[in-house]
Structures are given as structure tokens and as C-alpha cells.
Amino acid sequence: MDPDSVKSTLSNLAFGNVMAAAARDYQKELLAQEKAQSSTANEEVDLDELMDDPELEKLHADRIAALKKEAEKREALKRQGHGDYREITEGDFLGEVTGSETVVCHFYHKEFYRCKIMDKHLKALAPKHMDTKFIKLDAENAPFFVTKLAVKTLPCVIIFRKGVAVDRLVGFQDLGAKDDFAMRTLEVVLIKKGIISEKKNEDDEDDVYDESRRRTVRSSVNHDSDSD
């Protein structure tokens, strides 16, 4: 047999195998493209069906209604003085504590350093907990209610439910008995007392006042007394 003829035959066979393999790969690629196009078409159909799904439309409508109801509730609470930490007078006191379901009232003295610390944290909590009203009353200018509620140590935070004083925080004894407690510490205490509710999926603003960030506290018995 002619060696050149054998080489030519083998070369033709090899070329044929390569072409056959290429043809198979091309066929596989076409099938994959057709499958992908078919899948995409099915997805588009499914999305179109979802857009016309009455159950999905109902869920959407319910969500819109819930958001609208929540917005109306917040506006009503704002009209009642919720959402801000406000100072009131003795003459306003009864109307304020009886006008809302839950109220936190801080009896304070403007010269007491610890009262200023309490002010800072209550001011931060008020907009986070719209359901509860946060107010403060100058103890010097409210002698009747100071006596009536037996307020003897400041700061004194009294908790009202339906106009009735149900609990209180006296000084910082429930807050670790230290001046640099975190806002979250006060928040947790109020949650445990049932006057506010835990908020989910929120970044706590009290990082600014984290207990790990120790500060030099200006506490002096002479000018920062905690009692009347």
C-alpha cells in the first residue's frame, strides 16, 4: 500500500472526526439556546399572569390600606402631642396625662445635671415611640402635683396609663446608678415596664452615648443635687 495514500486517508478521517465533533457541539449549542429562550418566554408569561393575579392585587391593596391607616394614626398622635419631648405647665398637666393612653412625664429641676442627662435621652426616645407621649414638668413650678405625687427626688420620671400613675423611675437607681448610662438602657427599662414597645429593624441612636465611651462627668453634690 502506498504510504502517501495511507496518510491521506488518515488525514481525511481525522478531519472528518473534527467536523463531526464540531457539528455535535453546534447542535448542542442550538438546543441550549432554544431551551433558554423557552425558559425566558415561560418566565415572561408567569410575570404577566402574576400582574393579573387577583390575590396579589388584594395583597397590594391591603398593604396600601395598612400604610394609609398607619399614617392617619401617626397624624392623630401628633395632634395629641406625641412624637416630641415637650415641656408643659402645671395647668396643662391633667389634660396632658389624661389625653393619651400612655404618658411619660419627667419632673425635673433646670439646675440639676442629672435632669439634663434624662432630658437628652427622653428627647431621643420620643420620636421613636409615637404611641407614648413624652413630656416634662419643672418641679419648682408645679408644687401641687409634686406634693400630690410625692415627688421627692429628681430626676423623677412618672409613668401614666389612662391618666393613672402606675410606675416611676427615681434618680438613676434603675439605670445602673451611673450618669453615663446609654439611651438603650432607659429604653429597655421602659419596655419592661410596658410603657413603650420594642422597635424592630431599627438602628439604635444611642450608639452616640454608648457606655463604652466613658466621659468625664461633671457631678458635684454642691450644684448637682438629686433631691428637692
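A residue counts as buried here when its relative accessible area is under 20%, and Asp 179, at 12%, therefore falls in that class. Keep that cut-off in mind as you look around this predicted model, which has an open five-stranded sheet and eight salt bridges.

**The sheet**
- The strand order is β1-β3-β2-β4-β5, and the pairing is mixed.
- β1 (85–88) and β5 (164–170) are the edge strands; each has a single partner, so one side of each lacks a neighbour in the sheet.
- From one strand to the next, the twist averages 25°.
- Six bridges join β2 (residues 102–108) to β4 (residues 156–161) in the antiparallel sense, and here Val 104 sits opposite Ile 159 of β4.

- Buried Asp 179 pairs with Arg 114, with 2.6 Å between the closest N and O atoms.
- Lys 136 is buried at 16% relative accessibility, and Asp 119 is buried at 14%.

**Salt bridges elsewhere**
- Asp 167 and Lys 193 come together with their closest N and O atoms 3.0 Å apart.
- Asp 167 is in strand β5 and Lys 193 in the segment after α6, so their contact ties together parts 26 residues apart in sequence.
- Asp 167 is partly exposed at 30%, and Lys 193 is partly exposed at 28%.
- A salt-bridge network links Lys 128, Arg 184, Glu 187 and Glu 198.

Note on methods: Residues numbered from 1 in each chain as written. Predicted model: local features only at pLDDT ≥ 70, side-chain atom pairs only at ≥ 80, totals over all residues. Heavy atoms only, no water. Pairing = 2+ DSSP bridges. Helix = DSSP H or I, 4+ residues; strand = E, 2+ residues; numbered from the N terminus. Axes fitted to C-alpha atoms, helices over the stretch in contact; angles between N-to-C directions. Salt bridge = Lys/Arg side-chain N within 4 Å of Asp/Glu carboxyl O. Buried < 20%, exposed > 50% of the residue type's maximum accessible area, 1.4 Å probe, protein only.
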